[in-house]
Structure formats: structure tokens, C-alpha cells
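Subject: Structure for you to look at

Hello,

Here is the structure I promised. Please open it next to this email and follow along.

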Amino acid sequence: NFEWVKFNMAKYHSQQMRAVVVFGHATIVNARRQYFGLPFMKLLRMEYPEVVVLYVHGDGHTFDVNRPDVHNPNLYQLEVDGGEEADPLLISIVHNTVKDEFSFNIDVRSGYYYRGCQTGNVDKTWSSDY
């Protein structure tokens, strides 16, 4: 829940937290967003604008990566396919030491990702660097 995430972000931010992955069931902007999504996006904007965040959920059962908050360019949302239909993903947090920036790399590892993989996507990876 939101209070647990808020508590742990404060705890680990004091230990130089620069990137975080949060797992949830539903999209961050669903019908019940007032309980988690809206307070979470506000928390990121107000207290952690420099932290790169990947919110992972599977409620829609379609592979998709988007930015759910136009006011926070460091927040990414990943919707994963249904568990029976898609192979596991490999999510990496990448540190560009030259720019001292963090980003995410999502590798579908040749899995079956029906409506989300673009035609011709040979390496089947997505990166927040692009």
C-alpha cells in the first residue's frame, strides 16, 4: 500500500536511492487511483523528482510501457502480459557512469508478447534511454 511504499522510499532515499522498481496489481491510473496512484505520483513529484521509478503491474494483461504522469518524466509504467502466455522478463537498472544517470532496460527474452512488441523489433528490448 501507499504508506508502506512511502515509508520505504524515505528510508532508502537517505541511503542514496537513485532508482526504484515498484510492483502492483493494477495500473497506477486505474479507477481506484486515489488510494495509491495519485498520492504516489504526487510523492514522486514533490519529494523524489530525481529518482527514476518503474511501476510494474499486470492488470491489463498486455505488454505496454508508458509514462503515466506528464509532470514526472522519471516515472515509467510497465504492464506485463498474462502469466500463462508470456515468458519472464529481465528488467535491468542501468547506470550511465559518464552522465551519472539511471535508466531501465526491459528485455522480453524472445517471449510471446502479443500486442506490445513492434513489428521488426529484432532484439525485443525496450529502454528508457531511448
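Contact here means heavy atoms within 4.5 Å. Glu79 sits in strand β4. Leaving out residues up to four places away in sequence, Glu79 touches His57, Gly60, His61, Thr62, Phe63 and Asp64. Is Glu79 buried or exposed? Glu79 counts as buried, because its relative accessibility is 16% and the cut-off for buried is under 20%.

One of those partners is Gly60. Gly60 lies in the loop between β2 and β3. Gly60 counts as partly exposed, at 38% relative accessibility. Gly60 and Asp81 are 21 residues apart in sequence, and their C-alpha atoms are 7.6 Å apart in space.

**Confidence**

Keep in mind that this is a predicted model. Mean pLDDT for the protein chain is 82. A value of 70 or more is reached by 80% of the residues. Helix α2 (residues 37–47) has the highest confidence, at a mean of 96. Strand β7 (residues 125–127) has the lowest, at a mean of 52. Residues 115–125 stay under 50 throughout. For that stretch the model has 12 contacts beyond four places in sequence.

**Overall layout**

The chain has 130 residues, and 35% of them count as buried. Its secondary structure comes to two helices and seven strands. Along the sequence the pattern reads α-β-α-β-β-β-β-β-β. Take the contacts with a separation of 6 or more: 53% of them join residues 24 or more positions apart.

**Helix α2**

Which residues of α2 are buried? They are Gly37, Phe40, Met41, Leu43 and Leu44. Seen down the axis of α2, these residues fall within an arc of 155 degrees, so they line one face of the helix. The background is simple. An α-helix has 3.6 residues a turn, so residues three or four places apart point the same way. On the other side of α2, Lys42 and Met46 are exposed. The cover over the buried residues of α2 includes α1, β1, β2 and β4.

**The largest pocket**

The largest pocket holds about 270 Å³ of space. It is lined by 18 residues. Closest to its centre are Gly24, His25, Ala26, Phe36 and Tyr55. The lining divides into 10 nonpolar, six polar and two charged residues. Helix α1 (2–13) and strand β1 (19–23) each supply at least two lining residues. The largest share, three residues, comes from α1.

Most residues other than glycine have a negative phi. Which residues here have a positive phi without being glycine? Gln16 and Asp100 are two to check.

- Gln16 has a phi near 75 degrees. Gln16 is found in the loop between α1 and β1. Gln16 is exposed, with a relative accessible area of 62%.
- Asp100 has a phi of about 50 degrees. Asp100 is found in the loop between β5 (90–96) and β6 (101–107). Asp100 counts as partly exposed, at 39% relative accessibility.

That is what I found. Over to you.

Best wishes

Note on methods
Residues numbered from 1 in each chain as written. Predicted model: local features only at pLDDT ≥ 70, side-chain atom pairs only at ≥ 80, totals over all residues. Heavy atoms only, no water. 1 Å grid on protein atoms, 1.4 Å probe; cavity = no way out; pocket = protein on both sides within 12 Å on 5 of 7 lines; lining within 4 Å. Points joined across faces, edges and corners; volume = space filled by probe spheres on them. Helix = DSSP H or I, 4+ residues; strand = E, 2+ residues; numbered from the N terminus. Nonpolar A, V, L, I, M, F, W, Y, C, P; charged D, E, K, R; others polar. pLDDT = per-residue confidence, 0-100. Buried < 20%, exposed > 50% of the residue type's maximum accessible area, 1.4 Å probe, protein only. Arc of directions from axis to C-beta.
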